[in-house]
Amino acid sequence: MNFELNDDEKMLVETAQSFVKKESPVSRARKLRDDETGWDRAVWKKMGDLGWMSLPFPESVGGFGGSFADVSLIVDQLGTTLVPEPYVESVLLAGMAILRSGSAAQQERLLAPMIAGETSLALAALERTSRYDVTAVDTRAEKAGEGWTLKGEKYFVLNGHAADHLVVSARTSGKHGERNGISLFAVGKDAAGLKIQRVKMMDGRHAAIVTLEGAAGELLGAEGAAAPVLDEVMDLGAAAACAEGNGIMRTVLWMTVEYLRTREQFGVKIGTFQALQHRAVDMFIETELAKSTSILAAIKASAPADERAYEISKAKAQLTASGHFVVREGTQLHGGIGVTDEHDIGLYFKRMQMLGALHGDQDFHLQRFSSMPQFTAL
Amino acid sequence: MDMSFSPEHVAFREEVRTWIAKTLPEDLAKIAAVDGHFEHTDTMRWHKLLAQKSWIAPNWPEEYGGPGWDATRRFIFNEELELAGTPPLSPFGLMMVGPLIIQFGSDAQKQRFLPKILAGEEVWCQGYSEPNAGSDLASLQTRADDDGSGNFTVNGQKTWTTYAQYADWIFLLVRTDNSAKQKQQGISFLLVDMKTEGVIAKPFLTTGGTPAFCETWFENAIVPKENLVGPLHGGWTLAKALLGHERTLIAAVGQSSRMLRRVKKIALETTASGKRLIDDPAIRLRIARMEVKLRSIEMANFRTLAGAQLGHAPGPESSILKIRGSEVIQQMFELAMDVMGPSSMTWFNEPGVVPPDQEYLGSVFNYIRASTIYGGSNEIQRNVISKMILGLSSK
């Protein structure tokens, strides 16, 4: 048992720390709220040059051959200043879906430019009636000559407004809710019959509602067998939310402590009041607990599917409970200033709300792992 | 990062588990199987079996009779005891005064006291708190005056002297210098034979209905000076030294895991309106929430353990273990009561009123409220974290 970072991992963290400080302080996230894309291709390219997008991919597609644990170290740091580039969306959601299902040629063609920071990707898996169920798919794909055409609507596709390629889940057989019959397709952003409606999200980033009206798609992997891949990338997304949430909690905790140390009322620093000190300690406790379970999530991301799902669901439930607690208490301890748009804590508050709702919320994950056989295997 | 145990540690766990199953006497195993109540005599029988195996003092150095285990083996051993539900050992000799004598005691004191602690021939209790010195321990007033002929005369009252009625010896914090500028100065650490004339221990009931608590009075009790451990007036250093010991044990993760399993078992075996309780979504989600909380504590514990195994001082993550561990064990029992439903109303009945594994839970449910109070109340713990980790001052 060892949770220490090795020298390579330490270097990764240090590089990321200095990058977010210099290239993407939180003021940048604030400014980009008003930008149509919401992120910057030049910064994305720099992230590619640093090799971050290569981390979980094998060398055969230009990857580094690392693990999810490495990715989680980066994501944690991106959380500290709310870096808006579509890292999780491109690397873990769409990227890993392509790696798990695409042919060698497809992997090379779709992943290599993304790894270099030249393109970005999006996963279009959920629909209006899906909530968090990746098998609730009504979008259909039909054979058209050599290829396929897709019809349907995909909902809240993260980075869908800016991605060069979408990975779209569609039914090639079966009914809504069935695990069999779901396939993945790569759809280019300029495909005829593809309509992309940009949607502004609470945290200032963007997603898309994607309408497919006979858009051409390229089948990725075996027909009808994508459910396990979707399970896995949703788990990776949830584990990444744990890492990002960590960065947010740590930042909000220390931002709040600093406020308690400097703000004066009744002629003294408010941090001398025990009522406030104990609330700050509870923020610290929740931050440490969420960190502990996010380590669990990072390690279990590569475990067999059942174990992965069971443990990541627990970690995501903890992250959501702790994360909400920390940003809400942090806001309270800031007083009125915490509820102004001008103060940064509101940006972290909003992003945490998003992380809670992404890749399965607390109720979903509690429900999921407690319905698994492990839950009652005594 | 790696959260697996090494093959040697896995084999060690198996060895411990097998040994416990083989060695725990049948009547005690029956009590353990239903999380029942162990008497003092049960505890001491188990103590002696562990002592025969030389597994009684995992945290003692080898030269004093410890088994020479690393931090991970100590953790695994403790976890296996908790998971098996063996009688909880009295911590006062093994975990408290023993390590202090090893660290601060004279050779004569080591030879006199340590072997008898190991063998379970002498039982200890703790004399720290007083009626007017609880969380503010340094305000203690029990006095030990030099009588000029090689003895101290001890006068005063100690409270929460848990199981003093069974104890042969008590270790005391006493005031030896009233003129010291700070109240932490002028305190000494003294060992007192409970048979000394003028020492009176009186048990009283906890809310759990067990006689765990005691008050102990000292009326002109004569204590030889050779029973002073560490420097005269230097007792506060000893009191503080105890706080850093074995932090991974304080989270009660094993006990909480065992209770979670118990709660699930009850929910699987109890039916309401023809449906198993576990299939009631409201109940199942409450259990799921507790499993999440337990897992987070367990991971924080693992992080502390992994650091200890590498020889690192406990990091910030370990400071939260007492607070959250004690809250979680309480919440486990709260949940147990709710899952028991009407059965939770029983109190020390004849067998057969409720299933055997539910008979004693109500008692512990009551007593476990102490877990957030003893060992430094959780509010005191929060003060410490606020000051030491968050850097918030009280002035």
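Student: How many residues of domain 1 of chain B are in contact with domain 3 of chain B?

Tutor: In this predicted model, 14 residues of domain 1 of chain B are in contact with 17 residues of domain 3 of chain B. The side of domain 1 of chain B that touches domain 3 of chain B has four nonpolar, six polar and four charged residues. Before we go on, residues are numbered from 1 along each chain as its sequence is written, and chains are lettered from A and ligands numbered from 1 in the order in which they are written. Since the model is predicted, local features need pLDDT of at least 70 and side-chain atom pairs count only at pLDDT 80 or more, while totals for chains, interfaces and linings use all residues.

Student: What makes two residues count as being in contact?

Tutor: Their C-beta atoms, placed from the backbone, must lie within 7 Å. As for the classes, Ala, Val, Leu, Ile, Met, Phe, Trp, Tyr, Cys and Pro are nonpolar, Asp, Glu, Lys and Arg are charged, and the others, Gly among them, are polar.

Student: Where do the domains of chain B lie?

Tutor: Domain 1 runs 7-89, domain 2 runs 124-239 and domain 3 runs 246-388; such bounds come from an automatic or database domain assignment. The centres of domains 1 and 3 of chain B, over C-alpha atoms, are 21 Å apart.

Student: And which domains does chain A have?

Tutor: Chain A splits into domain 1 (7-119), domain 2 (122-225) and domain 3 (228-376). Here the centres of domain 1 and domain 3 of chain A, taken over C-alpha atoms, sit 22 Å apart. 21 residues of domain 1 of chain A are in contact with 23 residues of domain 3 of chain A. Helix 2 (26-32), helix 4 (68-80) and helix 5 (87-101) of chain A each give at least two residues to that side of domain 1. Helix 4 of chain A brings the largest share, nine residues. By class, that side of domain 1 has 12 nonpolar, six polar and three charged residues.

Student: Why is chain B said to be as compact as a globular protein of that length?

Tutor: Chain B has 13 helices and 10 strands; helices (H or I, at least four residues) and strands (E, at least two) are DSSP runs numbered from the N terminus. The radius of gyration of chain B is 22 Å, close to the 21 Å that the globule rule gives for 395 residues, so chain B is as compact as a globular protein of that length. The radius is taken over C-alpha atoms, and the rule is 2.2 Å times the number of residues to the power 0.38. Chain A, with 378 residues, has 21 Å, which agrees with a compact globule near 21 Å.

Student: Why is B:S106 called partly exposed?

Tutor: B:S106 has 13 other C-beta atoms within 10 Å. Buried needs 20 or more such atoms within 10 Å, exposed means 12 or fewer, and partly exposed is in between, with C-beta atoms placed from the backbone. B:S106, with its 13, therefore counts as partly exposed. B:S106 is found in the loop between helix 5 (91-104) and helix 6 (107-119) of chain B.

Student: What share of each chain counts as buried?

Tutor: In chain B, 43% of the 395 residues; in chain A, 53% of the 378 residues.

Student: Which residues touch the most other members of the largest nonpolar core?

Tutor: A:V167, A:F185 and A:A239 do, in a core of 168 residues. Helix 7 (residues 227-262) of chain A gives the largest share of this core, 18 residues. Leaving out residues up to four places away in sequence, A:A239 touches A:F68, A:S72, A:A297, A:A298, A:A301, A:I312 and A:A315. A second, separate core has 54 residues, including B:L28 and B:F218. A nonpolar core is a set of buried Ala, Val, Leu, Ile, Met, Phe, Trp, Tyr and Cys residues joined through C-beta atoms within 7 Å.

Student: How do you know that strand 2 and strand 3 of chain A pair?

Tutor: DSSP must find at least two bridges between two strands. Strand 2 (residues 140-144) and strand 3 (residues 147-158) of chain A have five bridges, in the antiparallel sense, so they pair. A:K143 stands opposite A:W148 in strand 3 of chain A. The hairpin of these strands has two residues between them, and A:G145 takes a positive phi near 65° there.
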